Amino acid sequence: MIVEYIRYRIDQAEAEAFEAAYARAAVPLAAAPQCVDYELSRCVDEPSSYILRITWTSADDHLRGFREGEHFKTFFAEISPYVRQIEEMRHYERTAVRGTGSSVPSLYEWAGGAEALERLTETFYTQVVKDDLIGPLFAAMDPGHPKYVAMWLGEVFGGPARYSDERGGYHHMLLQHLGKAITEPQRRRWVSLLMDAADEVGLPGDPEFRAAFFGYIEWGTRIALANSQPGAKPPMQAPVPHWGWGVAPPYIPKA
């Protein structure tokens, strides 16, 4: 992906019309398959300065795919009166220097940290081994398995990288699923029992956390199911996934 930044200088008298024009232009922009996302920002310190950020699938997709495509004409018709007021228009590549600040807690922190996740997995696997459908998959389970899964979940949800440091990271987790031939009913039972355990141990029940938590569990179990099938050839090396809040960060009432 590539990020385009366009800097405008807009007179105060034109600001309302300029923003309205971009609101209309956003419709064909969003419809273009080359566009990932976009955002128009206005400078607080210098209100005549605007920056438009557009993430494109690639620079070529923008310069050729979008500009030569069906949506560009409608887009450009809306913003053409302001082209002369562009001060900068460039493409940028993202670097590895990025992250989130502490104003939004990680899922790991919100869940209650290592102690809460260990309580979750201990309760969960107590039920798993007694279950007729998925119990046989864990008949020879290492006594430390619940703790290891808690370590994995902790790292995924933004906690310490203990699973990578102590257990071998993604590669080791992948090996636990290869050749197991997990079925879809077994996957769904696994998810159901984990959600029950989350209720039982009192993990946060707010919609934002539960949506993010369930989103990872649903995604992760589907990956595990696919990797467990006969003949599956998943990549053997990959980073541990890092899961965030998605579109709904935690609701924190103002004091």
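Before I name any element, I note that helices and strands here are DSSP runs, numbered from the N terminus. I also note that this is a predicted model.

**Entry 1: the largest pocket**

I started with the pockets. Rolling a probe the size of a water molecule over the atoms shows where empty space is left. The largest pocket has a volume of about 870 Å³. I found 35 residues in its lining. Nearest its centre lie Met173, Gln176, His177, Trp190 and Ala224.

Which of them gives the most? I noted α10, with nine residues.

Next I sorted the lining of the largest pocket by class. I wrote down 23 nonpolar, eight polar and four charged residues.

**Entry 2: the second largest pocket**

I moved on to the second largest pocket, with a volume of about 360 Å³. It is lined by 15 residues. Closest to its centre are Thr100, Val104, Ser106, Gly158 and Gly244. By class, this lining has seven nonpolar residues, seven polar ones and one charged.

**Entry 3: the nonpolar cores**

I looked up the largest nonpolar core and found 36 residues in it. Leu120, Leu153, Phe213 and Ile217 have the most contacts inside it. At least two residues of this core come from each of α4 (107-111), α5 (113-128), α6, α9 and α10. The largest share is from α9, which supplies eight residues.

Setting aside residues up to four places away in sequence, Leu153 touches Leu117, Leu120, Thr121, Tyr216 and Ile217.

I also found another core, apart from the largest one. This other core has 20 residues, including Ile10, Leu29, Leu52 and Ile79.

**Entry 4: Thr221**

I located Thr221 in helix α10. Is Thr221 buried or exposed? Its relative accessibility is 10%. Buried means under 20%, so Thr221 counts as buried. Neighbours within four places in sequence aside, Thr221 is in contact with Arg187, Trp190 and Val191. I had already met Trp190 among the residues nearest the centre of the largest pocket.

**Entry 5: Gln34**

I found Gln34 in the loop between α1 (15-31) and β2 (35-42). Its relative accessible area is 14%, so I marked Gln34 as buried. What does Gln34 touch, leaving out residues up to four places away in sequence? I listed Thr55, Trp56, Thr57, Asp61, Gly65 and Phe66. I checked Gly65 again. A polar atom of the Gln34 side chain lies 3.4 Å from the backbone oxygen of Gly65.

**Entry 6: Pro105**

Last, I looked up Pro105. I found Pro105 in the loop between β4 (86-92) and α4. With a relative accessible area of 16%, Pro105 is under the 20% cut-off, so I marked it as buried. Apart from neighbours within four places in sequence, Pro105 is in contact with Trp110, Trp245, Pro250 and Ile252.

How far apart are Pro105 and Lys147? In sequence I counted 42 residues. In space they are 23 Å apart, C-alpha to C-alpha.

Conventions. Residues numbered from 1 in each chain as written. Predicted model: local features only at pLDDT ≥ 70, side-chain atom pairs only at ≥ 80, totals over all residues. Heavy atoms only, no water. Helix = DSSP H or I, 4+ residues; strand = E, 2+ residues; numbered from the N terminus. Buried < 20%, exposed > 50% of the residue type's maximum accessible area, 1.4 Å probe, protein only. Polar contact = N/O pair within 3.5 Å; in protein donor to acceptor, adjacent residues only side chain to side chain. Contact = heavy atoms within 4.5 Å. 1 Å grid on protein atoms, 1.4 Å probe; cavity = no way out; pocket = protein on both sides within 12 Å on 5 of 7 lines; lining within 4 Å. Points joined across faces, edges and corners; volume = space filled by probe spheres on them. Nonpolar A, V, L, I, M, F, W, Y, C, P; charged D, E, K, R; others polar. Core = buried A, V, L, I, M, F, W, Y, C linked by side-chain atoms within 4.5 Å.
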